[in-house]
Amino acid sequence: MAVTPDAAERRLPVSTTAATGARGQGIRHVLAALLLAGCVATPSAAPSTPTPATSVPATSIPATTVPGTPGPPLPTKVPAAFEWQRIGLFATNEDLGGIAAAPAGYAVLEYPRTIWASPDGRGWTKSELPFTTSTSNGWDLEAHANAIVGGPDGFIVVGGYDHTPCRTEGGAGGPPPCDRKPIAWTSPDGRTWSSSVGSAIPADGSELPMYSEMVLIWAAAGGWDAAVEARSSVVNQGNTLLHSVDGLSWTRLISPPLPAGAHSAIEVNGHGGMGTATGQRVVWQRQEDGPTSTLWSTEDGTEWSAVPAVDGTHTEMRFALAPNADGQPWLLVGGRYNEGQTLVWWRSDDRVAWRSGPITPTEPLMQALFAVAHLRDGFILLGSQDADSHPGRPTTWLSDDGMTWSTVGEFGLEPPDGPMWLADGPAGLIGVGHRDGGSSTWLGVDRRT
C-alpha cells in the first residue's frame, strides 16, 4: 500500500484509489503496488478543530519551483481517442509513492517524506513533511511516509516514525532497532503541513503491536480508513484498521476476522480496502503462503461477513475502487499465480455477487500493474508489458465495465517515462512517471464521445 527501509524494501507489497498507496509497493515485485490516491474522495481531509500538531508553513521550508517543460508529443500517426501528453519535468529521485488530487491541485509523494505540489501538473514546488529528527543508542529517529490521498479540503499522508526504545545493535532479518509508531500529516494545499505527532494513535491511547505504521489509506464513512501493519520482521504483518475524519485524530475500527487457517494477525501479510460515504466497506486480507487472499464485507464497520463468491486462492489483491457518484460497481484488481502470472479483475454491484476474469491485453502479456482509477463512465489501468526491463514501458488500458480491457494505441508507443501513478483533479487526469534524473508529468487527453 522498522528502520527506514531501503528503496527495495519500501516496495514490498502490502495495497486504492484514495489510498492510495502503500509503503512503496512492489516495482521490484511482479505487481507494483502504488498508492493510488485522490481519484475517489468525498470526505474532509483537513482538520476542522484544533489538534495538537506541528505546523510548518511552506515559507519556512526551502522550496524549489520547477517550471513545466513540455516534451515532444507521443509518436502517434493520427490523434488517438485517448493519449498522454507530456506537460512537465521535475527533479525527483526514483522512489515515488503516489500522486493525489485536491481542489488546490496535485501532490506527489517522494520517499522518505518529500512532497511536490502543483496546481496543474506543470510547475512543481518542493517541501518536506515536518518531523524533528533525533538519535537513540546511536540510531537516527526518523519518519517516513507510505501513502498519500486527496479530498475536498486537501491532502493526507500516512506513514510511521521511529520511536524509543532502541536496541544497541541491529539485526538482519529481524525487527528494526527502534520501535515504530503511526504518523499522519494533513495540508490544504500540499505546501503547508500539520503533523499528528503529540496526539496518540489510536486516540484512546490503546496499544498497537510494536513496530506499527499506517501503510495505506482510502475514503470511507465520511472520512478515511487506514491499514496498519507491523514490521516485526523483514515483512509487514497484521490486519489493524484505523478511521479518521480529519486525518490527524485516529480511532480503532473492528478488523475483519482472521482468514481461515491463520492463528494470529502475524500470519496476515497485507490488507487494504475501499468504502462508501455511508459506511459500507470491503476489505481484503492476504496471506503469503500461496499467496491466498480473502474478502470481507460490512454495512457499517461493526460486523464483517466473508465473501465466499470470491476465490482468492493463489491471488494477491492490489487495488480497490468503491462505487463513485456515477454508480460504478465495486472493483478489485490483482494477480493470480497458480499457472504462471495472470492479472485478474473482480466486480460486484452489491458486495454479495461477484464476477471475475483475467485482464487479457494484447501480446506481450502484461508484466506489472501500477494503478487503476475511475475514468468517465469506466476505468483506466496503468501497467507494463515489457519483460526485458522493469518496470519497462508503461502502458495504458481502458475499460467501460471493469471486465473488458483494451490497450491505448499500439504497444511500444509510450516512452519509458510514461505514467505509472495518476490522479484526476482540477486540471484533468495527471500521470507521473520515472525518467533519468527526475520525473515526467503527463496530461490524459480523452477524445472519446
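**Notebook: a pocket, a disulfide and one threonine**

I started with the second largest pocket, where β11 (154–166) and β12 (178–187) each supply at least two residues of the lining. Strands here are DSSP runs of E, at least two residues long, and helices are runs of H or I of at least four, numbered from the N terminus. The model is predicted: local features need pLDDT of at least 70, side-chain atom pairs count only at pLDDT 80 or more, and totals for chains, interfaces and linings use all residues. Residues are numbered from 1 along each chain as its sequence is written, and side-chain values use heavy atoms, with hydrogens and water left out.

**Entry: the pocket**

I noted what a pocket is: on a 1 Å grid over the protein atoms alone, an open set of points where a 1.4 Å probe fits, with protein on both sides within 12 Å along at least five of seven lines. Lining residues have an atom within 4 Å of a point. I read off about 270 Å³ for the second largest pocket. That volume is the space filled by probe spheres set on the points, which are joined across faces, edges and corners.

Which strand gives the most to this lining? I found β12, with 4 residues. The lining has 21 residues, and Tyr161, Lys181, Pro182, Ala200 and Ile201 lie nearest the centre. I sorted the lining by class: 10 nonpolar, 7 polar and 4 charged. Nonpolar covers Ala, Val, Leu, Ile, Met, Phe, Trp, Tyr, Cys and Pro; charged covers Asp, Glu, Lys and Arg; the others, Gly among them, are polar.

**Entry: the disulfide**

I counted 1 disulfide (a pair of cysteine sulfur atoms within 2.5 Å). Cys166 and Cys178 form it, with their sulfur atoms 2.1 Å apart. Cys166 sits in strand β11 and Cys178 in strand β12, 12 residues apart. The link is right-handed, with 115° about the S-S bond.

**Entry: Thr240**

I looked up Thr240 in strand β16 (residues 237–244). Why does Thr240 count as buried? Its relative accessibility is 12%, so it counts as buried. I then listed its contacts (heavy atoms within 4.5 Å), leaving aside neighbours within four places in sequence. Thr240 touches Leu208, Pro209, Ala226, Ala227, Val228, Arg252, Ser255 and His271.

**Entry: the whole chain**

Of its 449 residues, 59% count as buried.

Definitions and conventions:
Buried < 20%, exposed > 50% of the residue type's maximum accessible area, 1.4 Å probe, protein only.
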